[in-house]
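Hi everyone, thanks for making time for this.

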Amino acid sequence: MHGLISVVGAGCSGLVAARRLGELGFEPVVYDQKSVLGVPVRASGILSLSGLKGLGIDYSGCVTNVLHGANIHSGGRTMRIISKDAIANVLDRKKLNDACREQAEEKGARVITGRRISGALLDDLAGKGVVIGADGAVSSVARHFGLGEIERLVLTYKAEFEVEAPDSRVVDLFFDNREYAGLFAWLCPNEKDLLEVGVGIRSGHESSKAAFDRFMKTDYVKGLVGRRRPVAEGASIIPMSLRSRIADDARKVVLVGDAAGQVKPTTGGGIIFGGNGALMAADTIGRHISAGAPLSDYERRFRKKYGLDLKLHSAINSIYSCLGPGAMGNIIVMLNALGIDRFLGAYGDMDSPSLVLKRFFLRSLAR
Ligand SMILES: Cc1cc2nc3c(=O)[nH]c(=O)nc-3n(C[C@H](O)[C@H](O)[C@H](O)COP(=O)(O)OP(=O)(O)OC[C@H]3O[C@@H](n4cnc5c(N)ncnc54)[C@H](O)[C@@H]3O)c2cc1C
């Protein structure tokens, strides 16, 4: 008898944690307030091939497009980073959530939908075993157990239009800290004839919809989308920094995914970091139950393994968030002149800036 393991939230992070716990021989119970999981879809699904490999999700039925690179625009300049090989998949987020659920259930997890968990119910579950908070950026679990705040948040708004993208192999990112301070605006070819248009802005200034409407009025977007109506649209939120604490031995609770702030602040991508956090949390819970290891091992190991990369992502975000488009445009000119666009096309890694820096210095030394 190893006590109950309750997972609050059946997004990707909660379901990846549940799948791993099932593989370890446990029978976690996953609760979600939604009666239909994964909808409405408010997020994009760009995931690096290398990152996806490590999560062990069978995503074969979810791929809608394959990306080879990105065009980075600012101050009227463009840096085109393109790889001859595919570097990322665009996944259908509803199908990805369904695949994660199916794989967790196959390994023995029980998923209960239409059930919101908060207040006394959380105390009850924590009294019976371990609770995993996988309930997103605005986490009731974190708030209830006093696990501190996520200091930086980005507000998003995105819509999909039935339009052919100019180049279906690349995503376009537009940096302008006067219009989209804190993140950027983007165009992503989700499918051959389905273009996603989105913006992310630092919270506390204006609504993400107002920034989105401005982006829609730019000549570039108007030229592509014209007067077409979106087939889907909506706002959401992205955590941009780790929560101050993500494990508590006294309360027997850990946080994973967006609830923990496991998101890379350069792009707002959270499935790879959140999924890796979920796998690590599940392994620690396994050792906690079988050998009495402290749950705080999870937080220590996560910060040790991913802390440097998250700090580098955060530093890059701070740089582009404080530079105006003129300065960003000049940086693009300089990077293009130095051949950094070609270097990133050949040796870039969407998830690990530390790996890119290592490759850069190793190549410089080898010359
Ligand atoms: C516009 C946008 C674009 C994005 N693009 C990408 C991208 O391209 N690539 C990428 O990797 N990431 C992207 N992300 C981030 C990614 O979507 C998140 O990091 C990821 O969804 C986090 O998964 P999660 O399981 O931690 O949380 P969530 O997906 O938020 O799931 C939390 C679940 O918990 C449930 N829940 C909440 N409270 C309770 C409660 N009290 N009781 C029961 N259930 C509860 C919710 O119903 C929900 O199902 C994007 C995000 C946005 C907003």
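Let's start with the big picture: the centres of domain 1 and domain 2, taken over C-alpha atoms, are separated by 27 Å. Before I go on, please keep in mind that this is a predicted model. As for where those domains run, the domain assignment gives domain 1 as 4-45 + 92-149 + 242-318, and domain 2 as 153-238 + 319-366.

How do the two touch? On the domain 1 side, 19 residues are in contact with 21 residues of domain 2. Which element gives the most to the domain 1 side? That's helix H9, residues 296-322, with eight residues. By class, that side of domain 1 splits into 11 nonpolar, five polar and three charged residues.

Now, the ligand. Where does it lie relative to the domains? Domain 1 and domain 2 both give residues to the shell around the ligand, so it lies between them. There are 39 residues around the ligand, and the ones that come nearest are Gly9, Gly11, Gly136, Gly257 and Gly270. If you're looking for elements to highlight, those giving two or more residues to the shell are H1, strand S3 (46-48), strand S10 (153-161), strand S14 (232-239) and helix H8 (271-291). The shell's residues come out as 14 nonpolar, 18 polar and seven charged.

Next, some helix packing, and I'll begin with H1. Helix H1 covers residues 12-23 and helix H3 covers residues 93-106; their axes come within 8 Å and cross at roughly 20°. H1 and H3 are therefore roughly parallel to each other. The crossing where H1 passes H3 is left-handed. If you want to find the contact on screen, Cys12, Leu15, Val16, Ala18, Arg19 and Gly22 in H1 meet Leu96, Asn97, Cys100, Arg101, Gln103 and Ala104 in H3. That contact has seven nonpolar, three polar and two charged residues.

H1 has another partner, H8. Here too the axes come within 8 Å, but the angle is roughly 35°, and the crossing is right-handed. From H1, the residues taking part are Cys12, Ser13, Val16, Ala17, Arg20 and Leu21. On the H8 side they meet a list of residues that includes Ile271, Gly274, Gly275, Gly277 and Ala278. Sorted by class, the contact of H1 with H8 has 10 nonpolar, four polar and two charged residues.

H8 and H9 pack at an angle of about 145°, with their axes 9 Å apart, and their crossing is right-handed. In H8, look for Phe273, Asn276, Gly277, Met280, Ala281 and Thr284, which meet Asp297, Tyr298, Arg301, Phe302 and Tyr306 in H9. This contact divides into six nonpolar, three polar and two charged residues.

Last stop: a couple of backbone details. Most residues other than glycine have a negative phi, and most peptide bonds are trans. With that in mind, which peptide bond is cis? The one from Val39 to Pro40, with omega near -5°. Pro40 lies in the loop between strand S2 (29-31) and S3. And then there's Lys252, which has a positive phi of about 60° although it is not a glycine. You'll find Lys252 in the loop between strand S15 (247-248) and strand S16 (253-255).

Key. Residues are numbered from 1 along each chain as its sequence is written. This is a predicted model: local features need pLDDT of at least 70, side-chain atom pairs count only at pLDDT 80 or more; totals for chains, interfaces and linings use all residues. Axes are lines fitted to C-alpha atoms, for helices over the stretch in contact, and angles run from 0 to 180 degrees between N-to-C directions. Helices (H or I, at least four residues) and strands (E, at least two) are DSSP runs, numbered from the N terminus. Angles under 35 degrees count as roughly parallel, over 145 as roughly antiparallel, 65 to 115 as roughly perpendicular and the rest as oblique. A crossing is left-handed if the near helix is turned anticlockwise from the far one by less than a right angle, and right-handed if clockwise. Two residues are in contact if their C-beta atoms, placed from the backbone, lie within 7 Å. Ala, Val, Leu, Ile, Met, Phe, Trp, Tyr, Cys and Pro count as nonpolar, Asp, Glu, Lys and Arg as charged, and the others, Gly among them, as polar. A residue is near a molecule or strand if its C-beta atom, placed from the backbone, lies within 6 Å of it. Domain bounds come from an automatic or database domain assignment.
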